[in-house]
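Here are my notes on the model you sent. Please read them with the structure open.

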Amino acid sequence: MDGNGRWARARGLQRLLGHENGAISIRRISRFCRSIGISEVTFYALSTENFARRPKTEVSLLLRLLKDFLVSERAELLDNDIRLTHMGHVEKFPPEVLRELEETERLTREKRGMILRLALNYGGRQEILDGIAALAAEVAAGKLSAAEVRGMGEAGFQRYLYDPSMTDPDLLIRTAGEYRLSNFLLWQASYTEIWVTKDLWPDFGVPALQQALKDYCSRERKYGAIHDEASGQENGSASRSGGTPEKLGSRPIR
Ligand code: FPP
């Protein structure tokens, strides 16, 4: 969700107003994703780096915005069968923010229409390190042998990530023309398709998202395999993502 600051600066406004309009974009994009049947959407609202390196005043403003968002969106989440979850080290957040996060998660826990996940004080490297630490603790406690660790494979290790039921993202959208992963979902995004737009996040709207989905649907996803042009058969786990944008969200929510 890059470009909130640039959006505000271009209008001679304070950064906070950029973030406020960024929160409106979250609402707009979630609503649209739900309406077309996308099963999961994850917003990178605050990275571990943002949390540690931004001025305390900006971090406090972002957390206040988050708290307001969690309260103001509750009715809409419930009405639209949307489950709100988070990933990241939120235990460092002020108690009043944590309270609203826990309450929104609790109220929407049984909702199955879509998962709206917020990455909050989240870092992909930290998530992998935390997973390794949890794994090591189980080995030290004698619950898991070294041979079991060697044999668990990728799916086995996924159980130690923040949200083991999370589906690997199909599409990652970067706004404000940034071509980086910025420590986002490093494990899960191994084969994610990336789409970059120059739009600043507060300007990112439904037409831009539809364009991204259309582009995604025209791509061939080979996962390192080959596509047999002659027979039209796909090899191994290769698949064509093409078709309708609805295909993107066609998998069941776990
Ligand atoms: C990056 O753009 C954006 C952030 C660090 C914060 C994103 C937060 C929101 C969109 C709103 C608050 C979140 C919720 C869930 C209500 P930037 O500000 O660094 O932009 P710049 O690169 O143009 O300076």
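How do the residues of the shell around the ligand divide into nonpolar, polar and charged? The points below start there. Bear in mind that this is a predicted model.

1. Shell composition. The shell around the ligand holds 11 nonpolar residues, seven polar and two charged. In total, 20 residues surround the ligand. The closest are N4, G5, R6, G22 and F69.

2. Where the shell comes from. Three helices, α1 (4–10), α2 (15–35) and α4 (56–72), each supply at least two of its residues. The largest share is that of α2, with five residues.

3. Packing of α2 on α4. The axes of these two helices come within 10 Å and cross at roughly 30°. Angles under 35 degrees count as roughly parallel, so α2 and α4 are roughly parallel to each other. Their crossing is right-handed. On the α2 side, R15, L16, H19, E20 and A23 make the contact.

4. Packing of α4 on α6. Helix α6 covers residues 95–108, and its axis comes within 9 Å of that of α4. The crossing angle is roughly 30°, so α4 and α6 are roughly parallel to each other. This crossing is left-handed, whereas that of α2 and α4 is right-handed. From α4, the contact uses L63, L66, K67, L70 and V71. From α6, it uses E96, V97, E100, L101 and T104. These residues divide into six nonpolar, one polar and three charged.

5. E178. Where is E178 found? It sits in the loop between β4 (171–174) and β5 (193–196). Along the chain, E178 and G3 are 175 residues apart. Their C-alpha atoms are separated by 9.2 Å.

6. Whole chain. What share of the 254 residues counts as buried? The figure is 28%. The chain has 10 helices and seven strands. Take the contacts between residues at least 6 apart in sequence: 71% of them join residues at least 24 apart. The E178 and G3 pair in point 5 is 175 residues apart along the chain.

Technical notes:
Residues numbered from 1 in each chain as written. Predicted model: local features only at pLDDT ≥ 70, side-chain atom pairs only at ≥ 80, totals over all residues. Near = placed C-beta within 6 Å. Helix = DSSP H or I, 4+ residues; strand = E, 2+ residues; numbered from the N terminus. Nonpolar A, V, L, I, M, F, W, Y, C, P; charged D, E, K, R; others polar. Axes fitted to C-alpha atoms, helices over the stretch in contact; angles between N-to-C directions. Parallel < 35°, antiparallel > 145°, perpendicular 65-115°, else oblique. Left-handed = near helix turned anticlockwise from the far one by under 90°. Contact = placed C-beta atoms within 7 Å. Buried ≥ 20, exposed ≤ 12 C-beta atoms within 10 Å, placed from the backbone.
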